[in-house]
Amino acid sequence: MERKELEQKIIELVAISYNKDEAELSLETSFKNDLGGASVQMVALVAEIENELDATITLQDASACATIAELVDVVAEEL
C-alpha cells in the first residue's frame, strides 16, 4: 500500500472510531487536543487497524502517537 493510500485509510478509521467527519481530520489532527483522546476510542481504533490493514500495533504504541501522522508512521513500520 502506498503512503497516500495508508494515510487516507488511517484517517477513515480514525473518523469511524472517534465518530468524526473525515473532512474534519488531517495528518496534523491531534488525538489529545482535537479528538479528546479517550482510551476506549483508541482501543477501537487499534482493533480497526488490525482488522482492516492486517497490521499488529500495540495500544501503547498507538497511544503514544500525538497526531494522525505519527500513527501512520507506526502502522507503516508494521506493514
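Colleague: What makes the pair of Ser26 backbone nitrogen and Thr29 side chain a polar contact?

Modeller: In this predicted model, a polar atom of the Thr29 side chain lies 2.7 Å from the backbone nitrogen of Ser26. The cut-off for N or O atoms is 3.5 Å, one able to donate a hydrogen and the other to accept it, so the pair counts.

Colleague: Why is Thr29 called buried?

Modeller: Its relative accessibility is 5%, and buried means under 20%, so Thr29 qualifies.

Colleague: And which residues does Thr29 touch, leaving out those up to four places away in sequence?

Modeller: Glu24, Asp34, Leu35, Ala66, Thr67 and Ile68. To count as touching, heavy atoms have to be within 4.5 Å.

Colleague: Where does Thr29 sit among the helices?

Modeller: In the loop between α1 (3-17) and α2 (39-53). The protein has four helices and zero strands, giving α-α-α-α along the sequence.

Colleague: What about charge: how far apart are the mean positions of the positive and negative charges?

Modeller: They are 6 Å apart, with 5 positive and 18 negative charges in the protein. Lys and Arg count as positive, Asp and Glu as negative.

Key
Residues numbered from 1 in each chain as written. Predicted model: local features only at pLDDT ≥ 70, side-chain atom pairs only at ≥ 80, totals over all residues. Heavy atoms only, no water. Helix = DSSP H or I, 4+ residues; strand = E, 2+ residues; numbered from the N terminus. Buried < 20%, exposed > 50% of the residue type's maximum accessible area, 1.4 Å probe, protein only. Charge placed at Lys NZ, Arg CZ, Asp CG, Glu CD.
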